[in-house]
Every structure is written in structure tokens, then in C-alpha cells.
Amino acid sequence: AELALVAKDEQVTVAWSEAVSGAHDIYVDRSLDFGTTWLPTERRVDSGDAAGASESRAVALAIDGGVVHAAWVDRRSS
């Protein structure tokens, strides 16, 4: 799995590409206590189509203030 991580103060966000339902999709999870605990369920962020319908890879994260931005390459439109 590909992995990206950003942190600011106590907030840590991680994103990865994983083939859970067919093709790779992008998932994120977040911690608000320096990575000690994480949200109970990761969230799929490449949600423009059904899970596993098209390949999404090469995830990158950036943080600006408290806002996390994610970018990735996908093959939804070839």
C-alpha cells in the first residue's frame, strides 16, 4: 500500500491506496492526539464512483492551517 502522512501540532492525518473492493481506492484516517488514538473508521475519499470501480494511486497530502488537502492520480476518465 502507498502511504502519505502529514502532521501539525497534535493532528496527524494518514492516507493510503488500497484494493479493498477491486481496484485501488484512497482512504484517510486521522488522529487528534499525536497518533495515540485514531478515528474508529477510515474514510474513502475518491468517492466519485463506486468503490473499486477505477484505479486511484499516488496519494499526496498537504496541510494548510488546520485544513488537510489530498491529491491523487486516478483512472476514472482514462
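Start by selecting β5 and β6: seven bridges join these two strands, and they run antiparallel. Strands here are DSSP runs of E, at least two residues long, numbered from the N terminus, and two strands pair if DSSP finds at least two bridges between them. Before you click on, know that this is a predicted model, where local features need pLDDT of at least 70, side-chain atom pairs count only at pLDDT 80 or more, and totals for chains, interfaces and linings use all residues. Residues are numbered from 1 along each chain as its sequence is written, and side-chain values use heavy atoms, with hydrogens and water left out.

**Stop 1: the hairpin**

Pick Arg57 and look across to β6, where Val73 is its bridge partner. Now slide to the turn: two residues sit between the strands of this hairpin, and Gly65 there has a positive phi near 65°.

**Stop 2: Ile63**

Still in β5, select Ile63. Leaving out residues up to four places away in sequence, Ile63 touches Val6, Ala7, Lys8, Gln11 and Val68; a contact means heavy atoms within 4.5 Å.

**Stop 3: the open sheet**

Next, colour the four strands of the open sheet, in the order β1-β2-β3-β4, with antiparallel pairing. At the edges are β1 (2-8) and β4 (43-44), each pairing on one side only. Zoom in on β1 and β2, which pair over seven bridges. Lys8 has Gln11, in β2, as its bridge partner.

**Stop 4: the core**

Which residues make up the largest nonpolar core? Select Ala4, Val6, Ala15, Ile26, Val28, Val59 and Leu61. A nonpolar core is a set of buried Ala, Val, Leu, Ile, Met, Phe, Trp, Tyr and Cys residues joined through side-chain atoms within 4.5 Å.

Conventions
Buried < 20%, exposed > 50% of the residue type's maximum accessible area, 1.4 Å probe, protein only.
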